[in-house]
Every structure is written in C-alpha cells, then in structure tokens.
Amino acid sequence: SSCQLFTEAIKDNINRVEQERERKEARKKDAYAAAGNPEYETGVELAIQDIMKRPVNKKVEFGGTTLLIPENTRLNPKHGNIVDEKTGYGIAVIFYIEDYCTEVFYRKKIEENKYIMLFYNHRDKSLDIVAQKIIKANGFTKTCK
C-alpha cells in the first residue's frame with residue numbers, strides 16, 4: 001500500500017542520515033578514518049611513519065584489561081582507535097570487544113566469551129607494521145583455543 005511505501009521511504013531517509021552522521025564522526029581528526037579526510041590525510045601518514053619507529057610500551061586500560069600500545073599514543077574512548085598524542089591524528093588500528101571468537105581478526109581472550117579484537121587494514125604496510133608490534137606485545141592470536 002502507499003502508506004507502507006511512505007513508511008519505508010522515511011526509514012530509508014533516517015538510515016541514510018544516520019550513516020552520514022557516523023561517516024562524518026569517523027573522519028574527525030582523532031577518529032579511525034581521519035586518513036579518509038583530505039584535510040588530515042598527509043598528517044595521518046606522517047604520524048603513522050613516526051609511530052612505526054616507537055616502542056610498544058605504554059599501558060592503557062581497555063575492556064577491563066591492560067594493553068600495551070605505542071609510546072606517545074592513546075586510545076580514543078569513543079571509537080577504540082589509536083591516536084598519536086603528538087599530532088592528535090587518529091590511526092586506523094582499532095580495538096573492540098566481542099562476545100564471540102572469530103579466526104578472522106587477531107584477538108585476546110579476557111573472560112569466558114569475551115574477547116578484545118584488533119582491527120586494521122593488513123594490506124597497508126605501515127599500519128601492518130604498527131599492528132604487528134601491538135599484536136606481539138599483547139599476545140594476540142588468530143586462534144579461538
């Protein structure tokens with residue numbers, strides 16, 4: 001009926017507005033998609049190059065456990081991504097918590113049915129170097145055992 005079509009159109013518009021809001025939020029300077037924002041792209045790349053050279057020795061609390069992240073970085077509490085403290089740029093290395101295990105992402109079990117997952121683009125060589133250092137320092141694995 002026409003009422004149903006109208007209702008669906010309203011729902012579609014609400015979803016579209018919400019997705020645009022999320023995309024905008026993710027592209028802020030300290031968020032995980034800052035590199036996707038032309039205003040920050042070069043700065044993010046330079047920050048990643050600098051972070052690659054740093055030791056992974058800074059302790060942070062996340063999901064009720066202590067993690068090690070690169071020196072002079074912090075976690076963005078809203079998105080779970082790493083932020084360079086020197087420049088304020090967000091880096092697309094993201095921690096998040098799931099209640100299931102998948103062998104797709106690196107993870108660390110923190111409780112029964114509770115895992116910290118590490119998400120990043122492994123095809124980006126610079127991000128892969130940063131993430132692999134974090135994976136090794138924290139004992140993340142790709143197994144569910």
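First, is Ile 14 buried or exposed? Ile 14 counts as exposed, at 54% relative accessibility. The cut-offs: buried is under 20% relative accessible area, exposed is over 50%, and partly exposed is in between, with a 1.4 Å probe and protein chains only.

Some ground rules. This is a predicted model, where local features need pLDDT of at least 70, side-chain atom pairs count only at pLDDT 80 or more, and totals for chains, interfaces and linings use all residues. Residues are numbered from 1 along each chain as its sequence is written, and side-chain values use heavy atoms, with hydrogens and water left out.

Back to Ile 14. It sits in helix 1, residues 2–26. Helices are DSSP runs of H or I, at least four residues; strands are runs of E, at least two; both are numbered from the N terminus.

Now the cysteines. How many disulfides does the structure hold? There is 1, with a disulfide being a pair of cysteine sulfur atoms within 2.5 Å. The partners are Cys 101 and Cys 144, sulfurs 2.1 Å apart. The link is left-handed, at -95° about the S-S bond. Cys 101 lies in the loop between strand 5 (90–98) and strand 6 (106–111), and Cys 144 in the segment after helix 3 (125–138), so the bond ties together parts 43 residues apart in sequence.

Cys 101 is partly exposed at 23%. Cys 144 is partly exposed too, at 30%. Cys 3 is exposed, at 57% relative accessibility.
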